[in-house]
Amino acid sequence: MLRFTIRRLFQVIPTIIAVAMLIFIIFSVIPGSFASSLMSDGKTASDPEMIARLNEQFGLDKPVYERFGTYLVGLAKLDLGTSFRTREPVTKVINDRIWASLKLAIAAMVLAVVIGVPLGFIAALKPGSLLDSITMIGAVSGLSLPQFWLGLLLMYLFALILGWLPSFGYGGGDFKYLILPAITLGVTPLALLARTTRAGVLEIMNEDFIRTAQSKGMSNSRMIRWHLTRNVMVLVVTTIGLQFGSMMGQAVVIEKLFAWPGIGSLLVDSVSIRDIPVVQGTILVIVLWFLLINTFVDIIYAAIDPRIKQT
Amino acid sequence: MLKSLTLAAALLMGVSTASLAETPKSGGTLNFVAPYGSSFGTLDIHTSPSTQDEFPAKAIHRSLYQWNSTDSKPELELATEVTASPDNKVFTYKLRENAVFHNGKPFTADDVIYSYERIANPKNAFPGARYFSNLVGIEAFNKGEAEHIAGLKKIDDHTVEISYSDPAEPGFDLMNTNAAIYPTGAGEDPNFITHPIGLGPFEFVENIPGSKVVVKKFDKYYKEGQPYLDKINIVLLGDASARDVAFRNKEIDVSVLGPTQYVAYQADDALKDHILEVAEVYTRHVGFDTTKAPFDKKEVRQAFNHAINADLIIEKLVKNKAYRATGWLPISSAAYDKDAKPYSYDVALAKKMLADAGYPDGIDVAITATQNESWGLTIVEAIIPMLAEAGIRATAKPVEASVLAEVVPAGDFQAYMWSNLSGPSDYAVMKCFYSKTPRSSCAYQQMSDPAFDKLFEEAGAETDPAKKTDLLRQANDIVQEDAPSWFFNYNKAVMAYQPWLHGLQANATELAIQNYEELWIDDTAPDSRK
Amino acid sequence: MRGFNLNLWLGGFLTVLVIAGALFAPLIASFDPVFDANLMNSELPPDATFWFGTDAQGRDVFSRVLYGAQVSLTVGIVSQIINSVIGLSLGISAAYWGGWWDDLVNGLTNVMLAIPSLIFALAIMAILGPGLPSLLIALGLTNWSWTCRIARSSTLSLKAQNYVQAAQTLGYSDTRIMATQLLPNMVGPILVISTLGIGSAVLAEAALSFLGLGISPPFPSWGNMLTDARELIVIAPWAAVFPGLAIFVTVLGFNLLGDGLRDMLDPHMRTRSE
């Protein structure tokens with residue numbers, strides 16, 4: 001088990017290096033610059049002297065290959081560079097924001113699991129019933145809504161019309177500020193989990209070993225408890241892992257709408273003002289998160305079903 | 001000057017009548033909104049030219065001058081007296097003796113010199129360096145030959161002398177928040193960036209990155225009785241529709257309004273009495289590259305101006321949240337020509353002018369623009385059908401804001417739409433139309449008109465303020481006639497505020513930037529503000 | 001569940017409805033979506049002339065929703081075609097040739113899976129600038145990894161079967177074998193995943209518009225209509241409700257159709273996890 005874990009962790013490294021190279025290339029050809037973004041509000045007249053000084057300070061006057069070398073050497077030392085805008089280390093800028101993102105992702109995932117899994121289970125017990133059809137159409141509908149539109153509707157309903165919840169912000173970490181963004185972010189994984197659970201349960205119900213168990217006269221409830229849960233669990237855990245892993249990326253729009261201080265809104269802001277070291281660092285963190293969660297899922301997977309290890 | 005004074009006073013009416021009736025009350029918490037983005041860039045305001053970063057900085061820091069919204073001019077803030085030499089090159093300041101920094105250190109001449117040398121230092125690459133590019137001895141300082149700038153001289157602990165090589169108007173530069181005075185050595189202290197210290201009315205408490213900055217009342221602030229508020233939460237809320245909900249839900253005390261919300265708020269009985277408006281010093285325009293065909297012909301540029309029904313766009317699309325532009329200088333500027341008439345809406349004339357200029361079949365033009373609703377693609381969308389009637393086939397070329405600010409100074413456009421600062425210093429603004437100003441500075445359209453150049457040069461040499469203003473007014477009339485841009489409008493900045501908030505100022509340079517020490521809230525505020 | 005395939009029929013109906021709306025937009029719409037902008041008519045509520053009301057620029061929302069269908073469907077379908085072409089050619093060739101090429105494609109697929117597609121698309125849009133061609137490229141380059149994986153695994157299992165070897169002994173070229181022997185055998189699952197992908201692309205267009213990097217006005221896309229109109233929700237809700245509904249109905253249609261196709265083609269195929 002330990003060897004398997006270590007081997008899977010090492011497999012992450014080449015991917016992360018490839019990602020780092022790819023995003024460096026992408027953001028070295030992007031038009032616009034941090035210096036030009038400072039003038040974009042039309043308030044400050046363009047100042048060629050300052051632009052030249054800024055570019056010199058950030059090393060942007062050096063050739064691309066030299067900058068790439070510096071970047072790689074920095075990465076090897078876990079140094080993501082210095083933010084153009086705040087002039088602080090990128091690691092600090094990200095550290096200031098990542099906890100809010102984690103909180104949001106966990107809340108959304110908990111919501112999705114607590115509602116989605118039982119819903120899928122119930123729907124599968126009576127396939128083809130009205131309840132099943134409603135649940136499944138509802139799940140597809142959940143996958144079909146534009147996120148910011150849903151967020152905006154929730155905001156109007158719960159904050160403005162009903163006055164139950166604050167409409168935006170972090171509020172220093174109060175739980176009530178978390179609810180609306182978490183619901184908005186949780187809808188997609190909720191719908192997917194309901195579908196996956198239902199599909200998993202249905203599939204397994206049809207499989208031979210259950211029929212065998214039935215023919216052997218095992219009681220119905222014990223059968224469902226044991227065979228079903230273990231096998232559905234593998235499927236559900238995979239979906240949870242994939243969803244949880246990609247949540248940082250999915251939260252971008254929601255964080256921006258609700259002014260949630262996570263790394264998603266940091267990324268969008270940093271792209272628009274061309275704070276390239278922060279952009280690169282944020283994407284690396286999002287990718288690393290995805291890879292680590294998936295590795296972790298693989299390990300759990302192997303623990304639930306030891307046959308996996310061989311393949 | 002008198003004209004702009006009455007205008008500012010008229011614009012202030014809405015608030016001042018209400019606030020004069022009662023005397024300011026101390027205490028309470030304010031939830032102020034920073035609407036221009038979803039984060040603050042930095043707490044070291046010297047490094048940033050962005051308005052967004054001014055929201056916390058304006059509470060924490062003070063500069064030598066401050067903008068006076070009532071008189072529409074910069075006035076002394078950290079000094080009690082200034083004497084200028086007759087040639088307007090040497091300025092001697094008597095500094096305030098009662099000002100202290102948040103860490104208890106008294107304010108002295110050394111702090112002024114330290115701060116200005118930090119901003120001017122080329123190694124730092126700070127945006128405010130250009131405020132000092134005209135100081136005596138700046139070349140030697142920039143080259144590293146001199147450790148200090150010769151033009152910044154300490155006379156005694158509370159007297160500073162600033163010398164320029166050319167006649168100067170230091171107030172317009174030194175009032176900027178990014179020319180704030182820091183305590184000596186602060187910039188080198190690694191803790192300063194996370195815990196800034198200044199002379200301002202409020203002390204820094206905490207920064208929750210991406211969410212808010214909290215400041216509290218500074219007891220030793222140099223103005224008697226101020227500030228009134230105990231605490232301010234400066235919250236980030238960039239999305240306009242989310243801001244609308246939060247304001248209606250009374251979670252925030254002020255909100256900057258866009259055109260659509262302006263209409264909605266005016267139509268709402270509960271909101272319409274608490275709206276503050278001001279003519280801001282921004283001119284929205286479509287600038288032309290006058291060095292290339294077809295816009296090298298004045299008739300074509302004028303035809304473009306005649307082809308658009310700007311009044312209709314302002315009324316229907318901008319919802320009257322703008323003042324129709326005549327020439328470049330805005331209404332609130334001293335050199336604004338109130339007798340000037342805007343270009344008439346006359347499609348037939350526009351067609352004729354195009355034909356006379358040698359384009360009987362019309363012209364094709366690509367307008368580079370961002371997604372901004374007030375000075376971007378939304379407006380370009382509206383003028384496309386109008387231009388089509390006159391034979392100008394326009395297309396939109398969408399770019400991001402940072403790209404716009406790169407391609408325009410580089411001359412990589414046929415026409416662009418932007419909103420540019422057109423004040424408060426008329427002379428500095430008019431420099432952008434002087435033929436000797438490089439495009440990479442601010443002469444984006446590359447206007448070249450000998451009559452303008454002559455007037456501009458005369459204005460530069462003129463020391464009498466009234467005569468200078470008069471020369472600039474004539475220069476502005478030439479800009480209008482030469483039409484390097486389609487003059488669209490001057491921004492009307494609009495801020496909605498909750499009924500319990502008082503003391504807001506009609507700041508024409510940027511309405512959302514307030515002197516927080518003058519704000520106070522009354523007893524009708526909800527419990528969360530007490 | 002057996003017998004009547006509700007997903008297929010409902011999804012098919014909605015999809016046909018939307019496609020018909022897009023194709024016949026010039027016939028159905030009574031106004032031009034760009035040039036019939038009369039500011040005197042701005043923000044009118046729905047009535048007999050303007051079925052869905054008008055927007056802030058005085059344009060007919062109904063006409064714009066119809067023409068917007070052209071843009072949104074183009075984005076969805078074209079970007080999916082690009083994705084499928086990339087995914088299929090990489091996936092089939094990787095499994096067929098194996099070796100270093102297979103390793104390279106696998107590595108690339110892992111990288112693509114690890115970078116969230118919205119963020120990748122955001123980056124590409126920032127480079128190319130907003131607009132329809134950039135959007136097609138951005139969404140077409142960033143969502144092919146699942147197609148690639150499916151193509152690769154199907155090829156691996158087909159390769160082991162005799163008729164591929166038979167084709168090889170007949171001296172068919174590699175490309176011919178891939179195109180005529182392998183490709184037709186995976187049409188089903190690829191069709192399913194592409195149908196679902198069209199829905200995701202329509203949603204991604206809306207999200208990118210919200211982030212300020214969508215299709216350039218004045219031509220309508222549902223994403224830019226929704227983004228522009230969200231501030232009008234208090235005074236002119238119709239301008240935001242109808243494009244929002246259009247997105248919802250379209251994505252729902254493609255999602256249901258995809259599910260229905262899967263049920264029809266292979267009842268045992270697992271639910272795709274996005």
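Author: This is a predicted model, in which local features need pLDDT of at least 70 and side-chain atom pairs count only at pLDDT 80 or more, while totals for chains, interfaces and linings use all residues. Residues are numbered from 1 along each chain as its sequence is written, and chains are lettered from A and ligands numbered from 1 in the order in which they are written.

The secondary structure of chain A consists of twelve helices and zero strands; helices (H or I, at least four residues) and strands (E, at least two) are DSSP runs numbered from the N terminus. Along the principal axes, the C-alpha atoms of chain A fill a box of roughly 85 × 55 × 30 Å. Among contacts in chain A with a separation of 6 or more, 73% are between residues 24 or more positions apart; a contact requires C-beta atoms, placed from the backbone, within 7 Å.

Where the two meet, 17 residues of domain 1 of chain A are in contact with 16 residues of domain 2 of chain A. On the domain 1 side, helix 1 (2-28) and helix 2 of chain A each supply at least two residues, and helix 1 of chain A gives the largest share, twelve residues. By class, that side of domain 1 of chain A has eleven nonpolar, five polar and one charged residues. Here Ala, Val, Leu, Ile, Met, Phe, Trp, Tyr, Cys and Pro count as nonpolar, Asp, Glu, Lys and Arg as charged, and the others, Gly among them, as polar.

Chain A also meets chain B: 50 residues of chain A are in contact with 48 residues of chain B. The helices of chain A that each supply at least two residues to this side include helix 2 (34-37), helix 3 (48-57), helix 5 (90-125) and helix 10 (220-257). The side of chain A that touches chain B divides into 22 nonpolar, 16 polar and twelve charged residues.
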